[in-house]
Amino acid sequence: MSTNSYSGSALVVQWNGTVISGNQTSFDYTPSVDLYDQSSGADTNKKHLSGIKDGQASMSALIQSGTNAGGTSLYNMLTEGNSGTLKWMPEGTAVGKPYREMPVISMGVGFTHPYNNVVVANASFQQDGTRTEGTN
């Protein structure tokens with residue numbers, strides 16, 4: 001068994017330096033890259049050239065009154081089209097722990113209001129520049 005495992009509850013996510021995690025139920029980052037088709041002639045299999053890097057992030061959080069994930073001011077900060085910096089620290093904020101950070105455009109916050117369950121906010125972000133990685 002690995003001794004380097006950690007729980008998702010250690011995650012800290014910041015938007016422009018403001019913590020937006022705490023009641024998160026999930027956080028996802030998916031990197032991507034454009035691929036250019038460089039197949040030609042007698043090729044029997046496609047060949048690709050790596051292009052420009054990209055990525056998307058999303059976070060789901062329970063809406064609970066009086067918390068980071070439950071405040072109107074947070075949703076106003078994350079209005080679709082707002083630009084900012086998204087930073088996430090999967091193992092928390094302790095010195096030496098890793099982080100990832102990138103400029104993003106907020107795609108807005110959607111809400112799920114189930115009849116017989118808790119309300120969930122779903123925020124999504126489009127990468128808008130270079131992702132950096134480092135340690136606290």
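**Entry 1: Glu91 and its partner**

I began with Glu91, which is partly exposed at 27% relative accessibility (buried means under 20% relative accessible area, exposed over 50%, and partly exposed in between, with a 1.4 Å probe and protein chains only). Its salt-bridge partner is Lys97, with the closest N and O atoms 3.4 Å apart (a salt bridge is a side-chain nitrogen of Lys or Arg within 4 Å of a carboxyl oxygen of Asp or Glu). Lys97 is partly exposed too, at 30%.

A note on the source: this is a predicted model, where local features need pLDDT of at least 70 and side-chain atom pairs count only at pLDDT 80 or more, while totals for chains, interfaces and linings use all residues. Residues are numbered from 1 along each chain as its sequence is written, and side-chain values use heavy atoms, leaving out hydrogens and water.

**Entry 2: other salt bridges**

How many salt bridges does a search of the whole structure find? I got five. Side chains of opposite charge can pair when their charged atoms come close.

I looked up Asp43 next and found a salt bridge with Lys47, the closest N and O atoms being 3.8 Å apart. Asp43 has a relative accessible area of 31% and Lys47 has 44%, so Asp43 counts as partly exposed, and so does Lys47.

Then I turned to Arg131, which meets Glu133 in a salt bridge at 3.2 Å, N to O. Arg131 is partly exposed at 30%. Salt bridges link Arg100, Arg131 and Glu133 in a network.

**Entry 3: a cavity**

I searched for cavities (on a 1 Å grid over the protein atoms alone, sets of points where a 1.4 Å probe fits but cannot get out; lining residues have an atom within 4 Å of a point). The count is one cavity of 30 Å³ or more, and the largest cavity holds about 70 Å³ of space (the volume filled by probe spheres set on the points, which are joined across faces, edges and corners). Ten residues line the largest cavity, and Met59, Leu74, Tyr75, Ala121 and Ala123 are the closest to its centre.

Which elements each supply at least two residues of that lining? They are β4 (48–62), α1 (72–77) and β7 (120–127) (DSSP runs numbered from the N terminus: helices are H or I of at least four residues, strands E of at least two). I counted 10 nonpolar lining residues, no polar and no charged (nonpolar covers Ala, Val, Leu, Ile, Met, Phe, Trp, Tyr, Cys and Pro; charged covers Asp, Glu, Lys and Arg; the others, Gly among them, are polar).

Key:
1 Å grid on protein atoms, 1.4 Å probe; cavity = no way out; pocket = protein on both sides within 12 Å on 5 of 7 lines; lining within 4 Å.
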